[in-house]
Amino acid sequence: MAEMNHIERAMAALGNQEVDRLTTYPIACGVCRKLLPGNVTYKQWCSDPKLFADAFIAGQKYFDFDFCIGLMDLSVMAGDLGAHVRMDEENTPFVDQHIVHDPEDYEKLEVPDIRKGRSNVLLEGTKIYADKLKGEVITAGFLEGPLLALSQSAGAERMFMDMFTNPELIHKAMEVTTAYDVEMVKAFAQTGVNGLCWDYLWANYSCLGDAEYGEFEANKYASKLNQLTQDEGMALAIHNCADLPHLDTQILKYKPAIYSMAYYPLIPGSPKASEVIEKGYADKCLVAGQIDPQLFVRGSVEKISKVTTDLCQEVKTALCKRGIKSSYCISSGCEVPPDIGTKMENIKAVVDITKTAGAF
């Protein structure tokens, strides 16, 4: 069929209609700063809304992605809540001092001012790239789910233990992180993005069962935020790089437009692309994945090209077997490492190979 532009292809894939080729979006975010002049560091990039936006704009021009999703990192909310975030020049920021040391500390959490700190950098930067890329590619903001943000603020081990010993305090804290997310959803809706991608990491059977995850995020908090996202006019997307994701909850219950996931071949039960398609999950939404992010650092162009070719063939075969047309996006299982050693040519190879191996 005739070649489509990015928006035509993405919209067709989202509706499981015929496409010229599979969509592709390696999740290249912080690494795109390497395309900017002046040797921009990660610290500079995630602290300046214009640099944040310019990297996504440059990445779109250089790599020719089918989507643009504005992930910064997973310590934004925790930092603005008061946790200390270690901000190295070239490494992804991470929390190195939590703010929950005793159970009572959960009750001290307060919703931060989203117009200050890195929350504001995220919002302002998202607006810039959404304006610039409007009409060229589908754009989305990126936001931490409330349970993930709480684990970043309190520490995952403490939070999981307190779910059993002090569940009422966890729920009080979740009210705060959810209230923050509510404000961020409304603010993202003013940036002009087409969608909002949530990271619901703890919907993972390695950590929580259905009952526990339902109580502490899915039933009350995430469901509210998912509905608000759509009420505010944005498509719902979900990213989860867990090894054993709750697919029934996150796809069948949450009903996202896009679901991004990883695959861990050494972990029994971790679902690969063909399995996800053949079990009917790609009937419900556009599924994205599952190239190993470390290949972008450690692999050669030849290696990642073969992996991409093989994934395209696996996906097209499974789609045909299932009787569906297009609802898969060739992507990385998680963010392409924003490391200075990441090979930009490997990102380009995934896109270029998908244009040929992913053709119908």
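Colleague: Why is N204 called buried?

Modeller: Buried means under 20% relative accessible area, exposed over 50% and partly exposed in between, with a 1.4 Å probe and protein chains only; N204 has 6% relative accessibility, so N204 counts as buried. This is a predicted model, in which local features need pLDDT of at least 70, side-chain atom pairs count only at pLDDT 80 or more, and totals for chains, interfaces and linings use all residues. Residues are numbered from 1 along each chain as its sequence is written, and side-chain values use heavy atoms, with hydrogens and water left out.

Colleague: What makes the pair N204 and D243 a polar contact?

Modeller: A polar contact is a pair of N or O atoms within 3.5 Å, where within protein one must be able to donate a hydrogen and the other to accept it, and residues adjacent in sequence count only if both atoms are side-chain atoms; the side chains of N204 and D243 are joined at 3.1 Å.

Colleague: Why is helix α6 described as largely enclosed?

Modeller: Eight of the nine residues of α6 (residues 146-154) are buried, so the rest of the structure largely encloses this helix, a helix being a DSSP run of H or I with at least four residues, a strand a run of E with at least two, both numbered from the N terminus. Among the buried residues of α6 are P146, L147 and S153.

Colleague: How do you know that β7 and β8 pair?

Modeller: Two strands pair if DSSP finds at least two bridges between them, and four bridges join β7 (residues 235-240) to β8, the two running parallel.
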